[in-house]
Amino acid sequence: MRYLPQHKPVLAGMAYNGISGAGLRLEALPEGHILHVLGSIEPSALAAELVKAGFAKSSIRKAGFRQWFVAGDEPLVQASLDALAAALAGKAFVMDQSHGRVRIGVSGRSSRALLSRGTAVDLDPSVFPEGHSAMTMVGHLSVQIVRTGDDSFELTVLRSFAESLWGDLAHMAASAEKDSVRGGFRSF
């Protein structure tokens, strides 16, 4: 019998119940799809092509000059990817990153304070509004941060670093909670 590898979510079984009174939630998001789009296409035109190809529930996140990540909870359908690649031919390239990247949700009233412990990005809503994204470092890891709501963010990281990022976030949350008990860090 031939062995066929099976997909296993990298953060399966990871649980974070929050810190009592901390107003924080870490969540392993569904490993649906992440596409990397590179080219000279405007986000509005890309959005229209995504709808036609079956990615209507996906979101577009700026990832650099003429680069976007397209992320969604639904598993990737090869026919949709093929349709998108054909529609973007001559304007942009699309690469499936679904098996190479993982998304982590950070939410709650203390989410911004937690992320500020690990990155230099100014996450104030007046500077970093909902829908805004930035490629940055969280500690020593390259991460894309997206504001998905008032007190919610999504972090996208290379799959092989997902557990490390998860551990760093949990450690920063525990450290912040200890600081707040001692009176040092008041945001939690």
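This is a predicted model: local features need pLDDT of at least 70, side-chain atom pairs count only at pLDDT 80 or more; totals for chains, interfaces and linings use all residues.
I then looked up the buried residues of helix 1 and found L46, E49, L50 and A53. They lie on the same side of helix 1, because the arc they cover around the axis is only 105°. Past the end of helix 1 comes G54, with a positive phi near 100°.

I repeated the search on helix 2, whose buried residues are S80, L81, L84 and L88. Their arc around the axis is only 100°, so they too sit on one and the same side of helix 2. The face turned away from that buried side carries A79 and A86, both exposed. The partners of the buried residues here are strand 2 (33-39), helix 1 and strand 5 (92-96). Just after helix 2 I found G90, which takes a positive phi of about 85°.

Next I turned to how the two helices meet. Two packed helices are described by the angle between their axes and the distance between the axes. For helix 1 (residues 43-53) and helix 2 (residues 78-88), I read an angle of about 145° and an axis separation of 9 Å, and the crossing is right-handed. The residues that meet are L46, E49, L50 and A53 from helix 1, and S80, A83, L84, A87 and L88 from helix 2. Sorted by class, this contact holds seven nonpolar residues, one polar and one charged.

Last, I set the pair in the whole protein, which has four helices and nine strands in the order β-β-α-β-β-α-β-β-α-β-β-β-α along the sequence. Of the 188 residues, 44% are buried. Among contacts with a separation of 6 or more, 66% join residues 24 or more positions apart.

Key
Residues are numbered from 1 along each chain as its sequence is written. Side-chain values use heavy atoms; hydrogens and water are left out. Helices (H or I, at least four residues) and strands (E, at least two) are DSSP runs, numbered from the N terminus. Buried means under 20% relative accessible area, exposed over 50%, partly exposed in between (1.4 Å probe, protein chains only). Contact means heavy atoms within 4.5 Å. Axes are lines fitted to C-alpha atoms, for helices over the stretch in contact, and angles run from 0 to 180 degrees between N-to-C directions. A crossing is left-handed if the near helix is turned anticlockwise from the far one by less than a right angle, and right-handed if clockwise. Ala, Val, Leu, Ile, Met, Phe, Trp, Tyr, Cys and Pro count as nonpolar, Asp, Glu, Lys and Arg as charged, and the others, Gly among them, as polar. The arc is that of the directions from the helix axis to the C-beta atoms.
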